[in-house]
Amino acid sequence: MAGSTLAVSRRAGLGSRAARRLRRTGIIPGVMYGREAEPLAIEVPARELRRAIQQAGGTSSLLSVEVDGSQHMAVVKEIQRDPVTGKAIHLDLLEVTKGERIEVEVPVVLVGEAHKVSHAGGRVDQEVFSLRIEAEADKVPPHIDVDVSELEVGEVIHLSQIPLPPAVRVHGEPGLVVVVAHAPVGAAKAEEAEEA
């Protein structure tokens with residue numbers, strides 16, 4: 001079941017001039033791509049899009065998209081943003097069916113407190129902030145959790161060590177470093193001095 005409903009309208013005016021006019025009124029132009037259907041030009045109020053994504057738990061979550069009374073399941077394929085303001089300027093949705101396996105980008109979220117690292121004066125650095133995963137459309141997790149509570153200074157967490165939800169496959173090298181627990185700055189300098 002989709003996590004949130006997004007009401008969109010068919011877009012009548014096409015082209016960059018019409019898109020600029022929509023954006024000035026707080027409406028984002030977009031396209032919904034279907035597996036068999038032709039791409040559908042749509043428009044959605046920016047506030048409505050923010051609300052739906054927040055309610056769903058993120059851009060990788062399944063949305064129930066309502067277009068002129070008809071219901072569709074879709075995921076956000078891409079939100080293009082203005083490079084200066086960061087505001088959404090175009091939306092691409094991908095229509096999916098229940099049980100269909102899709103590939104999406106999901107955020108990586110660190111959970112827990114790395115007490116052993118902080119007590120030693122070290123720090124935890126997150127090296128990877130999102131992962132490309134494959135899962136059934138209605139079972140895509142809103143994020144992948146990485147537990148750092150047992151991490152010690154000098155340790156790393158590789159991609160292969162991250163537990164995934166059932167039937168979720170991640171794309172990437174198993175040896176990819178996702179999290180690093182660094183030694184205190186003074187300890188690292190002392191070690192460099194000893195090696196010199």
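1. Leu 40 is buried, with a relative accessible area of 17%; buried here means under 20% relative accessible area, exposed over 50%, and partly exposed in between, with a 1.4 Å probe and protein chains only. Leu 40 is placed in strand β3, residues 40-45. Helices (H or I, at least four residues) and strands (E, at least two) are DSSP runs, numbered from the N terminus. Leaving aside neighbours within four places in sequence, Leu 40 is in contact with Arg 10, Gly 30, Val 31, Met 32 and Val 67, where contact means heavy atoms within 4.5 Å.

2. The model is predicted: local features need pLDDT of at least 70 and side-chain atom pairs count only at pLDDT 80 or more, while totals for chains, interfaces and linings use all residues. Residues are numbered from 1 along each chain as its sequence is written, and side-chain values use heavy atoms, with hydrogens and water left out.

3. On the overall form, the protein has 4 helices and 13 strands. Its C-alpha trace spans about 70 × 40 × 25 Å along the principal axes. The radius of gyration is 21 Å, whereas a compact globule of 196 residues would have a value near 16 Å; the radius is taken over C-alpha atoms, and the globule rule is 2.2 Å times the number of residues to the power 0.38. Of the contacts with a separation of 6 or more, 64% join residues 24 or more positions apart.

4. Buried residues make up 38% of the 196 residues. The accessible surface comes to about 11500 Å², and carbon and sulfur atoms account for 52% of that surface; the areas come from the Shrake-Rupley method with a 1.4 Å probe. There are 22 positive and 29 negative side chains, and the centres of the two sets lie 13 Å apart. Lys and Arg count as positive and Asp and Glu as negative, with His and the chain ends not counted.

5. The largest nonpolar core has 28 residues, and those with the most contacts inside it are Leu 131, Ile 133, Leu 151 and Val 178. Such a core is a set of buried Ala, Val, Leu, Ile, Met, Phe, Trp, Tyr and Cys residues joined through side-chain atoms within 4.5 Å. Strands β6 (88-96), β7 (101-111), β9 (130-136), β10 (144-147) and β13 (177-182) each supply at least two residues of this core; its largest share, 4 residues, comes from β7. Apart from this core lies another, of 21 residues, among them Val 8, Ile 28, Leu 63 and Ile 79.

6. Val 178, in strand β13, is buried with a relative accessible area of 0%. Leaving aside neighbours within four places in sequence, its contacts include Val 108, Val 128, Val 146, Ile 157 and Leu 159. Val 178 and Phe 129 are 49 residues apart in sequence, yet their C-alpha atoms are 8.0 Å apart in space.

7. Asp 68, in the loop between β4 (63-67) and β5 (70-81), has a positive phi near 45° although it is a residue other than glycine. Asp 68 is exposed, with a relative accessible area of 52%. Ala 167, also not a glycine, has a positive phi of about 65°. Ala 167 lies in the loop between β11 (156-158) and β12 (169-171) and is exposed, at 51% relative accessible area.

How values were computed:
Charge placed at Lys NZ, Arg CZ, Asp CG, Glu CD.
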